[in-house]
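Hi there,

Here is the structure I promised to pass along. Please have it open while you read the notes below.

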Amino acid sequence: MATTVSRSVLTLPAAPLGPENPLPALRAFDEVHVLDERAREGLPRDMARQIGYEPLRSLLPVRIRDGYQRRRAERDIETIVIENAHLRVTVLPGLGGRIHSLVHLPTGRELLYRNPVFQPANFALNGAWFSGGIEWNIGATGHTTLSCAPLHAALVPAPDGGVMVRLWEWERLRDLPFQVDLWLPEESEFLYVGVRLRNPHERPAPVYWWSNIAVPEGPDTRVLAPADQAWHFGYERSLRRIPVPAWEGADRTYPLRSEYPADFFYEVETGARPWIASLDADGRGLVQTSTARLRGRKLFVWGAGEGGRRWQEWLTEPGTAGYAEIQAGLARTQLEHVRLEAGAEFSWLEAYGALSADPAAVHGDDWAAARGAAGAALESALPAAAVDAAYEAWRGCADTEPGERLAAGSGWGALEVRCGGYKLPGTPFPEDTLGEEQEPWLELWRSGVFPAPRRVAPPGPSLVAPHWRDMLETARADPLTEYHLGVAQWHAGDIAQAVRSWERGLALAPSRWPLLRCLAVADGLAGDRARAARWYAEAFEDLARESRGGEGWLAAESALGREALTALLAAGLLPQARAVWDRLRPALRDEGRFRLAAARLLAAEGHVGAAWRVFEEGFELPDLREGEEILSEVWSALTDRPLPRPYNFRMRPPEHQGWRGQ
């Protein structure tokens, strides 16, 4: 059977993504995989250096995506299907290029954990993310901001004379283009994935990549890799070397033998072939291997505890089987970023397929024999030399220009390529992808003037790279230009100048709330809670007066209302907080974040019983953040009763709780 590529539609119960948050992400980036300097003491020198190398300080210019809810309805999702006699690969180009399904056709086995619903949750760097399949994580520690974003996709001639699918985009956190080529040779039992990251700039760039593979989780599922040690990272934010497979009385290579969610970064032996496999009781499952560049391997487990099981349920639907993640990355751990020199690139080839090994050996007490059996089965099914040869063959096609277009990504790459004059063979960013969001920035580049909007609306996205900041600094100083300039200066770390820009813009601004909100964030982070709260109260009042109908305005009211209530409650300004609540549209008051805010406000006003009844009546926080403990913290302030299961998302032991509530 010749390899075929076709377009199709996947119908799933799906929650709508909703609009982006229009407020620029000014606050310091909050990610759970962080180590302070003290925690880095004693780590290997190269690991400590890469952990400290340019960690992400800001999500700018990317916007937060938190407009999704949890009401699902049947929805058609566009797919690309790649198939030969051995594998059927289903790709979601509109959702980060994720591989949704990988079916081994001779047996009919699904090799991945395939989520039966599409339910966004707050796990991506910028919010919306969903579980299942194989995702491509680029940018910085965490799930990519492209998790729920469209990628460009097209057909490209494959090295064997067939066809492969190319996915590509411009990653905006690090300003780097990347490509993912999916190649399924005609007789191959393995899917090949060629990846290339390029740095077209005249400065080095920090690079991050992890391929995350969701695999079915069962009581007898075991994860194997060529390692006798691992780096354990738990949600108490510590990194320590532990033995593999047994640690603290349990074999941690079985995902359900851990109680709490945790990462196990395997210390792959020097010179060993890099691979990782998840095999069931019969010794069957999925294996991933690669060329040497992709050195890291990891197991992520949700654990068997109540909080981890609640998260699994939250990400899909009750009664659905759970999953673990096996992963492969550029560094030993996900806390690290790797330096990519100016004008240079990283590339490698991955392979994914079915694996069958002797179950007695795989599940035996002899770890060396278990990993040896899996490694030998892999070498028999796909020799390391074959992967290296496939990589060399693919490299000859990496610059080939795409043919038939299958899907379109964003226009940000087209804007950067046009204004920067970059030459990127193999990954064109056509000008016909430029849209409304890029239009004012293209005009700034052409004329040196940031244009006034054609209609009254919340400000569009800000750009913050040095070349855009330079253009804003020389543009005409009108309020909207000062707003965007302040955001760019803030991102660069020039806080005082950013505040001055926003204050200059405020003096003449017909729409004051965007600038007032920026000043509120600045004062709040400077420690002046009272002044920040007053700015927030004024900003929300201005927005409420100006707001029109439509999704964009509702998103602005929701985002600013949440921030304003949080700030006013923290400052103890209860009458002002109640005034913001009274100005909220009824539709917003029913949202989970506002239900929680209502409970906090009632409790602060002395109505503890009424606050407790908000919990008793039930609500959900669709955008509950990974590791966030606000639900348990508010509950414990209201009552000493045990936290009800629907609100229990605790990801770490009780003795470590209390460090991450918001």
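What follows is a short tour of the aromatic pairs and salt bridges.

Please keep in mind that this is a predicted model.

**Aromatic rings**

The structure holds 28 aromatic pairs.

The next pair to look at is Trp 314 and Phe 649. Their ring centres are 5.1 Å apart and their planes stand at 80°, so this pair counts as edge-to-face. Trp 314 sits in helix H2 (residues 306–314), while Phe 649 is in the segment after helix H18 (630–638), so the contact ties together parts that are 335 residues apart in sequence. Trp 314 is buried, with a relative accessible area of 2%, and Phe 649 is buried with 5%. Both rings also belong to one aromatic cluster, whose members include Tyr 113, Trp 129 and Trp 302.

**Charges over rings**

Arg 70 lies over the face of Trp 314, at 3.6 Å from the ring centre. Elsewhere, Arg 98 lies over the face of Phe 130, at 3.8 Å from the ring centre.

**Salt bridges**

There are 41 salt bridges in the structure. Arg 70 turns up again here, meeting Glu 620 in a salt bridge (3.5 Å, N to O). Those two residues are 550 apart: Glu 620 is in the loop between helix H17 (608–617) and H18, and Arg 70 is in the loop between helix H1 (45–51) and strand E2 (73–83). Glu 620 is partly exposed at 41% relative accessibility, whereas Arg 70 is buried at 17%.

Arg 645 is partly exposed, at 37%, and Glu 313 is partly exposed, at 24%.

Finally, Arg 578 and Glu 605 form a salt bridge with their closest N and O atoms 2.7 Å apart. Arg 578 is in helix H14 (residues 574–583), and Glu 605 is in the loop between helix H16 (592–604) and H17.

Best wishes

Definitions and conventions:
Residues numbered from 1 in each chain as written. Predicted model: local features only at pLDDT ≥ 70, side-chain atom pairs only at ≥ 80, totals over all residues. Heavy atoms only, no water. Phe/Tyr/Trp six-rings, centres within 6.5 Å; stacked < 30°, edge-to-face > 60°. Helix = DSSP H or I, 4+ residues; strand = E, 2+ residues; numbered from the N terminus. Buried < 20%, exposed > 50% of the residue type's maximum accessible area, 1.4 Å probe, protein only. Lys NZ or Arg CZ within 6 Å of the ring centre and 35° of its normal. Salt bridge = Lys/Arg side-chain N within 4 Å of Asp/Glu carboxyl O.
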